[in-house]
Amino acid sequence: MEQTITCINCPVGCRMTVTLSEQGAFISVTGNTCPRGAKYAQQECTLPERMITAVIPVTGRETPISVKTASPVPKKLIYDIMNELSSVRISAPVTIGQVILQDVLHTGVDIIATRNLA
Amino acid sequence: MNERNVDVLIIGAGPAGLAAAISARESGIESLLVLEREKESGGILRQCIHNGFGLHRFKEELTGPEYAQRDIDKAAELEIDIECSTTVLTVSSDHTVTCVSASKGLQIIHAKAIVLAMGCRERPRGALCTPGTRCAGIYSAGTAQRFVNLEGFMPGKRVVILGSGDIGLIMARRMTLQGAKVLACVEIMPYSSGLNRNIVQCLHDYDIPLYLSHTVIDIKGKERLEGVTVAKVDEKRNPIPGTEIEFDCDTLLLSCGLIPENELSLSAGVELSPATSGAVVNESFETSVPGIFACGNVLHVHDLVDHVSNESFKAGAAAAAYVRNEQLAAPMITVKDGNGVRGTVPQLIRSDTDKPVDLMFRPSAVFRNSAAVVECGEKELIRKKAMIFTPGEMALVTIKPEMLKELPADSITVRIE
Amino acid sequence: MNMTADIIVIGSGITGCAVVRELSRFHASVLVLDRESDLAEGATKANSGIVHAGYDAIPGTKKAFYNVRGANMYESLAKELGVPYRRCGALVLAFDEEDKKTIADLKARGETNGVTGLEILDRETLLKLEPNLNPEVVAALSVPTSAIVSPYEMAFALADDAALNGVRFRFDEEVVSVSKDSDGCFTVQTDKEAFCCKVLVNCAGAFGAEIHNQLSEEKLTMIHRRGQYYLLDRAAHQPFDRTVFQCPSVMGKGVLVSPTVHGNLLLGPTAEDIEDPLDTATTSSGLSDIIQKAARTWSGISTRTNITNFSGVRAHLPTDDFVVGPCEECPGYFEAIGIESPGLSSAPAIGQDLAEMIADHLSLARKEQTVPYPLPPVPFHDMTPEQREQAIQQDPLYGNIICRCEVVTEAEIRRAIRRPVGARSVDGVKRRTRAGMGRCQGGFCLPRVAAIISEETGIPLKEVTKNGGDSLLLSDTIDAFLKGGHDHE
């Protein structure tokens with residue numbers, strides 16, 4: 001099984017071809033020009049991850065507060081996590097780094113505030 | 001009239017202004033004031049809630065608000081005086097600044113040195129001369145970003161994005177995640193000016209098609225936007241008849257370039273560069289008006305805030321040195337744009353500078369496996385090879401002070417080979 | 001049916017506003033109906049903003065009569081109402097012998113119409129006066145009495161004055177039919193309700209013929225003639241001090257290059273006959289046509305500082321003249337139809353005449369006292385530092401700059417919404433204050449203007465419009481929007 005991806009590590013943007021086993025295990029990569037590309041290709045084809053950032057309404061305030069996942073989460077969970085966030089409300093005050101939602105969808109990753117709100 | 005004196009006055013408390021202020025204070029300036037027109041410091045970073053900021057400077061990936069908070073906290077620790085909700089109306093060449101706010105009324109401030117850090121604005125529809133109706137639903141990408149991230153409102157449901165600059169790409173993802181359908185991202189050039197990472201993570205991840213060498217040729221809708229017509233363009237960027245694609249959308253976001261906001265610089269008589277639309281500066285980021293400095297996106301549009309901060313630390317320190325009369329006075333070396341290079345900053349270097357000088361410029365096209373060359377007449381000063389130079393990524397070469405000694409001419413040229 | 005008003009005026013463009021302002025001096029109840037959500041939404045908001053001297057109209061026509069009379073009223077009217085107006089003068093350029101004949105004819109025509117100060121200038125004099133003129137110019141007619149005005153601001157001021165003196169305005173009322181009843185009264189049916197009046201006044205602009213044809217056997221056909229424009233930034237170097245025309249043609253006065261009262265530069269208009277009077281789109285062919293033609297006037301033309309393009313639709317009658325006055329076959333029905341250029345220039349005179357005819361018809365008495373029009377404050381943009389300091393002392397909201405490009409304050413935006421016929425939309429605020437009219441085109445101030453409109457009017461933010469109707473700015477709050485569900489899964 002082959003998969004083509006674009007490397008995001010630098011502006012060169014190498015087009016890489018990754019060979020995977022039928023079970024989806026990484027076998028090899030071609031087209032990369034540096035080891036960073038190979039590492040990215042392996043990760044991206046086996047367990048792609050993304051940071052999610054969003055804003056959440058604050059009770060009694062007109063403007064929302066920005067939040068993020070404390071670390072990257074599996075890419076396939078992006079929409080589920082966004083839906084989860086859509087019903088979250090918080091109250092001021094909030095401090096940057098404060099946990100807004102623990103262990104979102106059992107990923108082991110917390111949603112944390114990215115700004116202060118007095 | 002409320003009138004006062006300060007040593008260093010900084011206009012703008014975005015990443016550039018904050019860095020300049022921190023650096024001026026750390027260089028020993030006690031009498032320091034920052035003026036900010038918004039209610040809070042942080043500038044455009046306040047609405048850039050995505051991550052990816054600070055890799056160079058902090059060696060970690062921060063969101064915009066987190067990056068800004070580090071400088072805001074540092075400025076607070078250094079007890080830097082930031083007046084928010086204050087708009088500067090004029091700056092004159094004698095360093096007199098008039099500004100207004102609801103709380104303090106009209107103030108006149110005399111500064112020994114001024115740092116211009118007003119940032120930039122987005123190119124609006126008018127500048128593109130896109131024909132069609134003038135309905136609701138057409139926003140610059142940054143305005144939409146403000147609505148979504150700061151005000152908590154969605155500007156529309158079905159979206160076409162014109163221009164593939166980073167803000168447009170970021171908004172493609174943001175609108176999608178928030179429940180809108182992004183139909184297309186349309187780019188008039190044959191390449192995107194956005195980062196690869198954003199093409200992949202903002203478009204590919206969500207199956208949003210990118211139409212290169214295409215543009216919007218008609219806008220339809222009497223009240224709210226009802227659709228746009230997109231067409232392929234030829235090498236001269238003229239639409240090719242017969243290639244039209246109709247999109248049924250209620251929102252058009254424009255991400256077609258940023259323009260340094262230099263109205264105040266002009267009021268001070270600062271000379272601007274046609275290539276950058278920002279001030280002409282020397283290696284200390286001092287403009288053609290002595291004692292007025294410029295840094296950040298008001299000087300030239302950056303793609304990484306880390307570079308903005310870096311440049312602004314230098315500008316702030318230079319403003320402090322100016323106040324202390326520690327200025328250099330040696331003859332100027334002119335920096336010229338050569339083949340494949342646009343808008344090199346700084347445009348002037350004093351030959352007795354004792355610090356390395358970063359020459360920042362934009363490649364005018366995509367160059368693969370080539371080199372950036374800095375030369376003075378026949379004499380090659382620097383040759384820096386790279387696998388790629390692209391207009392989307394500002395390039396940088398560093399000149400060491402010793403390279404500037406005994407040059408055969410009074411100008412150097414930066415080009416891509 | 002109850003009498004809704006003594007007099008109903010259809011249309012709140014410059015003509016309708018001029019008529020009702022004059023009518024407000026009489027003892028009568030007056031109601032204005034407009035299909036749009038604000039004043040001046042038709043040709044009044046999208047024209048060249050020129051108060052023509054009156055050299056162009058054929059002597060003896062209504063156009064000639066009202067143009068010269070109206071133009072003579074402008075300066076004092078603008079001063080009285082605090083509307084930006086400047087007598088900048090105009091030039092009509094000649095490039096060959098035929099053009100020279102045309103400008104000589106125009107001069108003679110103007111003199112017959114009573115225009116003063118007309119003069120033919122030679123090339124050398126011209127290039128000294130206006131160094132950015134195309135050096136191929138051979139001569140020009142100089143028109144020192146030509147002036148520029150902000151057309152929609154004039155309509156706003158006239159309407160505010162009228163409203164202060166009792167005239168009522170209803171917007172979003174599209175007239176569907178008009179009829180004269182057996183009792184001699186008129187019924188005006190809109191898409192929402194029916195109104196009744198003794199006197200009906202047709203100032204319906206593009207829709208003037210439609211109304212007329214329901215009340216008269218002498219049918220009129222309206223030609224909708226679109227004009228597109230470029231508007232360049234006011235920070236840009238202004239190439240001309242005067243309005244510069246080329247020789248007129250059958251389609252109109254041709255493409256002009258003119259400063260505006262706010263210091264912008266206007267290029268246009270095109271002249272294209274179109275089907276839909278509401279089709280104010282711009283087209284790529286129209287826009288390139290303007291550049292091509294304006295380049296003949298302005299050597300070194302540049303649209304690098306363009307901030308917007310727009311278009312308006314002129315109400316042209318095949319007779320090429322205005323219809324102004326009572327309709328013989330339908331007593332009580334008055335009209336002003338085909339008010340295209342020089343309609344802006346003529347409006348004050350048309351307003352005066354129509355009001356007097358109507359007052360005669362209804363035997364209305366003149367009010368002994370009218371509510372004086374309070375002169376608007378000087379825009380913050382134009383204030384001296386001392387005036388600015390004083391303004392902020394009196395109202396701290398003058399210290400909040402909302403539109404950074406045009407330097408418009410929160411105090412001014414709130415005042416625009418609180419005016420007698422106040423702004424209800426972002427464009428309404430823009431035209432009354434210039435917020436969003438600058439080089440960033442509202443990129444920065446739009447969210448703040450929308451929020452102020454919401455606060456002042458009580459309209460929820462997500463229902464604030466760009467320009468009335470369904471021109472909503474926003475879809476919904478982010479959380480409500482997301483709850484609507486992703487269709488991606």
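This briefing describes chains A, B and C of the structure shown above. The model is a predicted one. Chain A has 118 residues, whereas chain C has 489 residues.

**Chain A: overall build**

- Chain A contains 2 helices and 9 strands.
- Read from the N terminus, the elements of chain A follow the order β-β-β-α-β-β-β-β-α-β-β.
- The radius of gyration of chain A is 18 Å, while a compact globule of 118 residues would have a value near 13 Å.
- The C-alpha trace of chain A extends over about 55 × 30 × 20 Å along its principal axes.
- Of the 118 residues in chain A, 31% are buried.
- When contacts in chain A with a separation of 6 or more are considered, 41% of them involve residues 24 or more positions apart.

- Chain A is assigned two stretches as domains, namely domain 1 (2-47) and domain 2 (53-113).
- A distance of 30 Å separates the C-alpha centres of domain 1 of chain A and domain 2 of chain A.
- Cys10(A) is located in the loop that lies between strand E1 (2-6) and strand E2 (15-20) of chain A.
- From Cys10(A) to Asn32(A) the distance is 11 Å, C-alpha to C-alpha, and the two are 22 residues apart in sequence.

**Contact between chain A and chain B**

- In this contact, 21 residues of chain A meet 21 residues of chain B.
- On the side of chain A that touches chain B, strand E5 (53-56) and strand E6 (65-69) of chain A each contribute at least two residues.
- Strand E5(A) gives the largest share of that side, with 3 residues.
- By class, the side of chain A that touches chain B consists of 10 nonpolar, 8 polar and 3 charged residues.

**Chain B: domains**

- Three domains are assigned in chain B: domain 1 (1-122 + 258-327), domain 2 (124-256) and domain 3 (330-417).
- The C-alpha centres of domain 2 of chain B and domain 3 of chain B are 35 Å apart.
- Their contact involves 5 residues from domain 2 of chain B and 4 residues from domain 3 of chain B.
- The side of domain 2 of chain B that touches domain 3 of chain B holds 2 nonpolar and 3 polar residues, and no charged residues.

**Chain B: a pair of helices**

- Two packed helices are described by the distance between their axes and the angle between those axes.
- The axes of helix H5 (residues 141-151) and helix H6 (residues 166-177) of chain B come within 9 Å and cross at roughly 35°.
- The crossing of H5(B) and H6(B) is left-handed.
- Which residues make the contact of H5(B) and H6(B)? From H5(B) they are Ala141(B), Gly142(B), Ala144(B), Gln145(B) and Val148(B), and from H6(B) they are Ile167(B), Gly168(B), Met171(B) and Arg174(B).
- Sorted by class, this contact of H5(B) with H6(B) comprises 5 nonpolar, 3 polar and 1 charged residues.

**Chain C: overall build**

- Chain C has 13 helices and 23 strands.
- The radius of gyration of chain C is 23 Å, close to the 23 Å that the globule rule gives for 489 residues, so chain C is as compact as a globular protein of that length.
- Buried residues account for 56% of the 489 residues in chain C.
- Of the contacts in chain C between residues at least 6 apart in sequence, 71% connect residues at least 24 apart.

**Chain C: helix H11**

- Helix H11 (residues 426-433) of chain C is mostly covered, with 8 of its 8 residues buried.
- The buried residues of H11(C) include Val426(C), Asp427(C), Lys430(C) and Thr433(C).
- Among the elements that cover these buried residues are helix H5 (151-164), strand E22 (408-409), helix H10 (410-418) and helix H12 (446-457) of chain C.
- Arg434(C) follows H11(C) and has a positive phi, near 80°.

Terms used
Residues are numbered from 1 along each chain as its sequence is written. Chains are lettered from A and ligands numbered from 1 in the order in which they are written. This is a predicted model: local features need pLDDT of at least 70, side-chain atom pairs count only at pLDDT 80 or more; totals for chains, interfaces and linings use all residues. Helices (H or I, at least four residues) and strands (E, at least two) are DSSP runs, numbered from the N terminus. The radius of gyration is taken over C-alpha atoms; the globule rule is 2.2 Å times the number of residues to the power 0.38. A residue is buried if 20 or more other C-beta atoms lie within 10 Å of its own, exposed if 12 or fewer, and partly exposed in between; C-beta atoms are placed from the backbone. Two residues are in contact if their C-beta atoms, placed from the backbone, lie within 7 Å. Domain bounds come from an automatic or database domain assignment. Ala, Val, Leu, Ile, Met, Phe, Trp, Tyr, Cys and Pro count as nonpolar, Asp, Glu, Lys and Arg as charged, and the others, Gly among them, as polar. Axes are lines fitted to C-alpha atoms, for helices over the stretch in contact, and angles run from 0 to 180 degrees between N-to-C directions. A crossing is left-handed if the near helix is turned anticlockwise from the far one by less than a right angle, and right-handed if clockwise.
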